[in-house]
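Colleague: I have just opened this one and would like a walk through it. Can we take it piece by piece?

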Amino acid sequence: PLWVHNFTRDGRIVYITHDGSIYRTTRDFLSHERLGEYPLARLPNVFDVSPDGSQLALVHERHIWVMNLNGSGARQLTDSLTNESEPSWSPDGRYIGFIQGVFGTDLDTGTSTCREAFIVSASAALTAVPGPGATKIQTSGGVSLCSFSRFFVWR
């Protein structure tokens with residue numbers, strides 16, 4: 001049984017099973033190939049496949065991680081004091097966009113909290129968010145983008 005899945009840019013499906021095996025379907029969807037083993041302690045709830053189909057961006061222990069499609073080379077990409085989620089590769093594969101924070105209302109003050117969008121280089125060393133290597137996405141007026149959606153969209 002599948003645990004989590006996503007599509008490659010060429011339409012194939014990459015999926016991870018409950019036992020941590022990583023698979024990819026063939027282009028005709030008639031069969032699949034086992035690529036490797038998921039190396040981290042907890043299986044991801046969501047991941048994105050790089051445009052060239054060679055890597056995954058995922059959330060592990062509240063932070064963004066990158067690994068090769070076969071499970072090798074897993075490395076933590078971001079570090080912060082709050083949750084990071086919804087990793088998404090840029091169309092050229094050079095950056096990963098993600099959402100940081102928890103949306104809701106502070107029960108003590110009644111103020112709303114905002115989930116903010118950031119991008120980091122996919123090849124960067126461990127990056128503090130916010131920090132010099134993480135770019136906050138802002139509107140043309142300099143106002144931070146507040147995300148209410150669970151989807152990160154590139155244009």
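**A hairpin to start with**

Modeller: Strands β10 and β11 (residues 95-100) pair in the antiparallel sense over 4 bridges. Strands are DSSP runs of E with at least two residues, helices are runs of H or I with at least four residues, and both are numbered from the N terminus. Two strands pair if DSSP finds at least two bridges between them. This is a predicted model, where local features need pLDDT of at least 70 and side-chain atom pairs count only at pLDDT 80 or more, while totals for chains, interfaces and linings use all residues. Residues are numbered from 1 along each chain as its sequence is written, and side-chain values use heavy atoms, with hydrogens and water left out.

Colleague: Which residue is the bridge partner of Glu84 in β11?

Modeller: Gln100 is the bridge partner of Glu84.

Colleague: And which residue in that hairpin takes a positive phi?

Modeller: Gly93 does, with phi near 80 degrees; the hairpin has 5 residues between the strands.

Colleague: How many residues of β10 are buried?

Modeller: In β10 (residues 84-89), 6 of the 6 residues are buried. Buried means under 20% relative accessible area, exposed means over 50%, and partly exposed is in between, with a 1.4 Å probe and protein chains only.

Colleague: New topic. How many helices and strands does the chain have?

Modeller: The chain has 0 helices and 17 strands. Of its 155 residues, 40% are buried.

Colleague: Which strands form the open sheet, and in what order?

Modeller: The order is β5-β6-β7-β8, with antiparallel pairing. The edge strands, β5 (47-49) and β8 (75-76), each pair on one side only. Strand β5 pairs with β6 (residues 55-60) over 3 bridges, in the antiparallel sense. Within β6, Leu58 is the bridge partner of Phe47.

Colleague: How many aromatic pairs are there?

Modeller: There are 2 aromatic pairs. Rings of Phe, Tyr and Trp (its six-membered ring) pair if their centres lie within 6.5 Å; planes under 30 degrees apart count as stacked, over 60 as edge-to-face and the rest as tilted. Tyr15 and Tyr23 are a stacked pair, 5.2 Å centre to centre with 15 degrees between the planes. Tyr15 is buried at a relative accessible area of 10%, and Tyr23 is buried at 17%. Phe98 and Phe118 are also stacked, because their ring centres are 6.0 Å apart and their planes are at 15 degrees.

Colleague: Why does the Phe98 and Phe118 pair tie together parts that are apart in sequence?

Modeller: Because Phe98 lies in strand β11 and Phe118 in strand β14 (residues 115-121), the pair ties together parts that are 20 residues apart in sequence. Phe98 is buried, at 0% relative accessibility, and Phe118 is buried too, at 1%.

Colleague: What is Ala134 in contact with?

Modeller: Leaving aside neighbours within four places in sequence, its contacts include Phe118, Ile119 and Val120. Contact means heavy atoms within 4.5 Å. Ala134 lies in strand β16 (residues 134-136) and is buried, with a relative accessible area of 10%. Ala134 and Ile119 are 15 residues apart in sequence and 5.8 Å apart in space, C-alpha to C-alpha.

Colleague: Last one: where is Arg12?

Modeller: Arg12 is in the loop between β1 (2-7) and β2 (13-17). Arg12 is buried, with a relative accessible area of 14%. Leaving aside neighbours within four places in sequence, Arg12 is in contact with residues including Arg24, Phe29 and Glu33.
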